[in-house]
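The following note sets out points for a colleague who wishes to examine this structure at residue level. Each numbered point may be checked against the coordinates.

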Amino acid sequence: MVRTIKSLGHYRGWRRILTAGAMSFVATLAAVLIVDLILVPISALSIVLAAAVGGLVGFCWVGTVSAVRTVQAIGALNTRREVALDSMIQGLCVFDSQYRLVVWNEPYRVMYGLDARGLKRGASLRDLLIARQAAGTFAGDVDDYIAALKDKIGYNNTFAVDIELPDGRTIAVIDTPTPDGGWIATHEDITERKRAERELDHTRAFLDTIIENVPSPIMVKGIPDLKYLLVNRAAEDYLGIDRRDVLGKTSARVFNAETAEMIDVADRQLIAAGGSMFRDEHAVVTPGNGLRIVTSARLQVVGTDNKPQYLITVIRDVTERKRHEQRIAHLAHHDQLTELPNRAAFNECIAATVDMANAQGDSFAVLSVDLDRFKAVNDVFGHKVGDALLHEVARRMEAVCQGAFLARIGGDEFSIITSVGPQPSSAEAMAERLSRIFENDIVIDSHSMRMGVTIGVAVFPEDGADASVLVANADAALFRAKSEARGSIRFFDMSMDTQLRERRALQQDLRKAIENNELELHYQPQANIDGTVTGFEALARWHHPRRGLVPPTDFIPLAEESGIIGALGEWVLRTACREAATWPKPLTIAVNLSPVQFQHGDLSTLVHQVLLETGLPPARLELEITEGVLIGDFARAVSILRRLKNLGVRIAMDDFGTGYSSLSYLQAFPFDKIKIDRAFVINLGHSQQSATIIRAVIALSRGLDVPVIAEGVETEEQRRFLAGENCAGYQGYLIGRPKPIADYAETVGRTVIDLASRARIA
Ligand code: C2E
Ligand code: CA
Ligand code: CA
């Protein structure tokens, strides 16, 4: 109503009302003149008065009707405008040039918690701000606020500001100056939007931090231009350049042409096929980090419009692992001192040569070569000279063995496989060339040494139809040569077979060894690197009634060849578990398993039975296997190992580093322990390569999360080196030799009765 009355100020109908008044005046004047002329004479003043009254009546009548209609129309318009204003989402208010409120809407009032009665047209901005202060929706200084606002309105441009209310809401205010010097302000509550934005920022920052710190290189490209959009820290390290040199560029501008082409092809393949793509090991020439061997996983991300938008590449850099593998594989197949192939490589070569000769009906010869007087040189001049001598011998042998396979089998033993030319004549020619390599003395550190070689030869197929017989017969020939004359060459003949017969006899005796109680177990402690004993390894000993103590390195292969290993292994397992079950301390017991035990019988059932029978908790039993177990029927071996592990028993990889391709085996089964072969430990201090291989194995096992223990640790110096390399534990003469368990009574927690003091007490 207030506004309706005010709207009269805008009324535009005055002209019509004046016209109506004038016409009424003229009409009334005319009527009065007619009455004056026709009926009664009227005074002139009366005529004028009557005409004036008539004019006034007309004026009033038309004016009133017109004004009422107009006012009604304006009222209706205003109501509509009010409804429209009040239904806006934003708060709205209009101020005049005097900073007085002209128009406002309900959302504005509600937004600032203002009282409907107190909100008046003409209220000053100051009053309004004070009212807001009282309502708790204005926190600043009123005068400062007004001054700042005046300042901005003076520029005559629309300006926006986000204000924080004391109750935590955020209001976006847009002020638009009006031509009359006032302004229109819209107020929008953007609290929710701000919160969502903050949350998004937070999430983005969180994801950025994660991606930045993921240890795998991650790179993201945009599709379709394939320019890099994101490169994390690991990717910078991998590429060897700063991300600023990558972002916004295509592969072609980051990598060399060949690599860029390869990356591009893979990217395009993925875009064509969609989804994700894995690329197995491949080489990448990085811009600043050289050649890397990597695997990559690519993933295409589709945008909201269902079109491919991003291409994510995650790299796994396996270069170091590959290097370790290659190094270990090389070391595993090569003798560290002379760089010649080692025994493992020789075994592989002879097996392959037998196969080939069988297939082609060829002949070939094996030469077993023994260096004369080497031990004396070693003793007299020391290891350093001994090593240099072996090195020189190897070079001279290589020079005369062109075309043949030369390997260093042991200390001063070498073996040669030669399939060149007719046999036995070409083997004989080679043997003679070999025996002449020492015609010139070897001089090392100004020591002049006269050396010689003794050689035994066996020819395939006459002297042996398979590798092991052939090698054994070449050794038998060497044995005969050494016993006859140093420096001689002997070819195998049947008379040398006696040694083989000896072996067979020993095998017969071994069959009865278990029932005759000739076998015994010795126990060797295993310790943490600080020397705390954690368990024992059981090692078999054979007390032969006539020959005395036969070493396991002799009788275990015999047992394996003849199948006795089944019974022998079972006896060892049962005896060791039964013994360990009686120890007061819950130390572990390690038992060696032969590969042959995996091929025959049901090993996991046997172990299960023995554990039940002896009451030994499975976690205390550790089974040591060599990779020989996994060569051959790999799947069967792994399945047996898994069954054993399911029993709760631990599995250790024994003699690591001496074999073939231990690394793939290590990955194929989750071993609980790796035992570094003692050959590497023995050479510590003499050979830099041994230290390197030990470091490599420890690094590798850390990657696989498997503890390493070193075998054959004899000196404190070796132990200290291993401790420095973070080796978990050790075994060897330093902590204790293999001995009957009675010698370790105290270590296993038994009270040792001091007989002497008992006697004194008695
Ligand atoms: P292995 O399993 O590697 O056993 C460790 C060998 O290294 C043992 O030789 C032990 O006496 C020796 N040794 C331990 N510490 C040192 C040291 O500090 N320096 C030196 N030089 N040698 C050390 P052992 O007892 O002669 O056994 C030789 C191999 O015979 C064993 O090697 C194992 O492969 C096999 N063997 C022994 N007992 C059994 C058994 O019960 N079953 C099976 N299948 N094999 C066995
Ligand atoms: Ca062992
Ligand atoms: Ca071992």
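1. The secondary structure of the protein amounts to 27 helices and 26 strands. The model is predicted. Of the 762 residues in the protein, 43% are buried. Among contacts between residues at least 6 apart in sequence, 58% join residues at least 24 apart.

2. The calcium ion (ligand 2) is coordinated by Glu537 (OE), Asn592 (OD1), Glu624 (OE) and Asp654 (OD), at 2.1 to 2.3 Å. Along the sequence these donor residues follow the spacing E-x54-N-x31-E-x29-D. As to accessibility, Asn592 counts as partly exposed because its relative value is 29%, between the limits of 20% and 50%. Glu624, with a relative accessible area of 1%, is buried.

3. Which residue coordinates both the calcium ion (ligand 2) and the calcium ion (ligand 3)? The residue is Asp654, and the two ions are 3.9 Å apart.

4. The largest nonpolar core has 79 residues, of which Ile589, Leu621 and Leu623 touch the most other members. Leaving out residues up to four places away in sequence, Leu623 touches Leu573, Val591, Leu593, Val607, Leu644, Val649, Arg650, Ile651 and Ala652. Another core, of 33 residues, lies apart from the largest one; Leu390, Val393, Met449 and Val453 are among its members. As general background, nonpolar side chains in soluble globular proteins tend to be buried together.

5. Helix α19 (residues 565-581) packs with helix α21 (residues 603-614) at an angle of about 30°, and their axes are 9 Å apart. The two helices are therefore roughly parallel to each other, the cut-off for that class being under 35 degrees. The crossing of α19 past α21 is right-handed. On the α19 side the contact is made by Glu570, Leu573, Arg574, Cys577, Arg578 and Ala581; on the α21 side, by Leu606, Val607, Val610, Glu613 and Thr614.

6. Ile565 also lies in helix α19. Is Ile565 buried or exposed? Ile565 counts as buried because its relative accessibility is 4%, the limit being under 20%. Setting aside neighbours within four places in sequence, Ile565 is in contact with Ile556, Ala559, Glu560, Glu570, Ser594, Val596 and Gln597. The C-alpha atoms of Ile565 and Phe555 are separated by 9.6 Å, the two residues being 10 residues apart along the chain.

7. The axes of α12 and helix α16 (residues 467-484) cross at roughly 115° and come within 10 Å. In this pair α12 passes α16 in a right-handed crossing. Phe346, Ile350 and Val354 of α12 make the contact with Ala467, Leu470 and Val471 of α16.

8. Ala351 is placed in helix α12 (residues 343-360). With a relative accessible area of 36%, Ala351 is partly exposed. Although Ala351 and Ala467 are 116 residues apart in sequence, they are 6.0 Å apart in space, C-alpha to C-alpha.

9. Finally, Thr295 is found in strand β9 (residues 291-302). Its relative accessibility is 8%, so Thr295 counts as buried. Apart from neighbours within four places in sequence, Thr295 is in contact with Phe278, Arg279, Asp280, Glu281, His282, Val314, Ile315 and Arg316.

Technical notes
Residues numbered from 1 in each chain as written. Chains lettered and ligands numbered in written order. Predicted model: local features only at pLDDT ≥ 70, side-chain atom pairs only at ≥ 80, totals over all residues. Heavy atoms only, no water. Core = buried A, V, L, I, M, F, W, Y, C linked by side-chain atoms within 4.5 Å. Buried < 20%, exposed > 50% of the residue type's maximum accessible area, 1.4 Å probe, protein only. Contact = heavy atoms within 4.5 Å. Axes fitted to C-alpha atoms, helices over the stretch in contact; angles between N-to-C directions. Helix = DSSP H or I, 4+ residues; strand = E, 2+ residues; numbered from the N terminus. Parallel < 35°, antiparallel > 145°, perpendicular 65-115°, else oblique. Left-handed = near helix turned anticlockwise from the far one by under 90°. Donors = N, O, S within 2.8 Å, 3.2 Å for Na, K, Ca; no water.
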